[in-house]
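Good morning, and thank you for the time.

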Amino acid sequence: MKNLLLLSLLFLNLNSCVNNNTEKGRILIIVSNTEDMGDPEKHFAGNNLWEVAPPYHIFVSHGYKVDFVSPTGGKVPFSMDPLGISSYTIKYENFSDNVENSLTPDMVDYKSYKAVFIGGGYGSLFDVANNKNLLSVIANIYENGGIVGGCGHGPGAFANVKLSSGEYMVKGKKVTGFPNSTEITKTWAKEGTLLPVMLENQLRANGGIFQSKTDLNDKHDVVIDQRIVSTMFLPSSAIVAKEMIKQIEN
């Protein structure tokens with residue numbers, strides 16, 4: 001009886017491991033290759049680790065395989081020290097190896113992905129927002145029933161996505177991202193003067209119903225509308241990922 005009980009417990013543990021490792025599908029994370037903003041002082045652009053690593057952790061811990069893609073592939077630059085969840089996912093979830101071998105857009109088969117996420121950092125405004133191949137990938141994933149998510153400056157990268165109808169993906173949908181009211185108070189991009197576009201302006205220009213701080217109960221709220229999930233600031237990046245998963249599995 002004792003041996004039978006041990007065998008049963010062993011079977012349950014093995015079965016649990018198999019279930020935990022079962023891949024539910026694939027999610028694509030888009031990152032930037034741009035190191036700086038091109039100004040003489042070389043203000044950093046790149047990607048914000050705290051807006052990419054926590055969502056990655058949420059996706060993989062829920063059973064999804066994550067691929068990274070960038071405009072030119074390969075290594076990508078990050079700001080912020082690896083703390084908390086970012087440190088954990090680097091040490092235990094193969095984050096660094098995956099992101100340092102980011103795919104090029106031509107290597108991506110949109111039919112393989114249930115969702116696409118773009119985190120913050122200014123870089124994506126410089127090299128993703130007008131990359132026709134990446135914008136096409138986002139459009140195809142969305143029109144294939146997928147979810148699109150973004151945090152901070154990430155929504156500025158999908159502001160220019162056009163659907164097969166010729167309409168912008170964000171048209172008529174509630175979206176948010178790093179707002180003008182905050183941008184003009186920060187020195188990171190010289191109050192926004194170094195940016196190719198102000199994120200809020202671009203979302204509004206392309207028909208997005210931008211949700212400002214006055215529209216939300218809390219500035220860290222996540223906005224969800226017609227399979228687009230977005231938030232203003234980095235503390236909610238992981239929540240965006242969780243809400244994306246809920247949308248996928250709904």
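I shall take the ring pairs, and then the charges over rings.

This is a predicted model, in which local features need pLDDT of at least 70, side-chain atom pairs count only at pLDDT 80 or more, and totals for chains, interfaces and linings use all residues. Residues are numbered from 1 along each chain as its sequence is written, and side-chain values use heavy atoms, with hydrogens and water left out.

The structure holds 8 aromatic pairs; rings of Phe, Tyr and Trp (its six-membered ring) pair if their centres lie within 6.5 Å, and planes under 30 degrees apart count as stacked, over 60 as edge-to-face and the rest as tilted. One of them joins Phe59 and Phe117, edge-to-face, at 6.3 Å centre to centre with 70° between the planes. Phe59 lies in helix H2 (residues 49-61) and Phe117 in strand E5 (residues 113-118), 58 residues apart, so that this pair links distant parts of the chain; helices (H or I, at least four residues) and strands (E, at least two) are DSSP runs, numbered from the N terminus. Both Phe59 and Phe117 are buried, that is, under 20% relative accessible area, where exposed is over 50% and partly exposed in between (1.4 Å probe, protein chains only). The Tyr88 and Tyr92 rings, with centres 5.0 Å apart and planes at 45°, are therefore tilted. Tyr88 is partly exposed at 38%, and Tyr92 is exposed at 54%.

Finally, Arg227 lies over the face of Tyr142, at 4.1 Å from the ring centre; the criterion is CZ of Arg, or NZ of Lys, within 6 Å of the ring centre and within 35 degrees of the ring normal.
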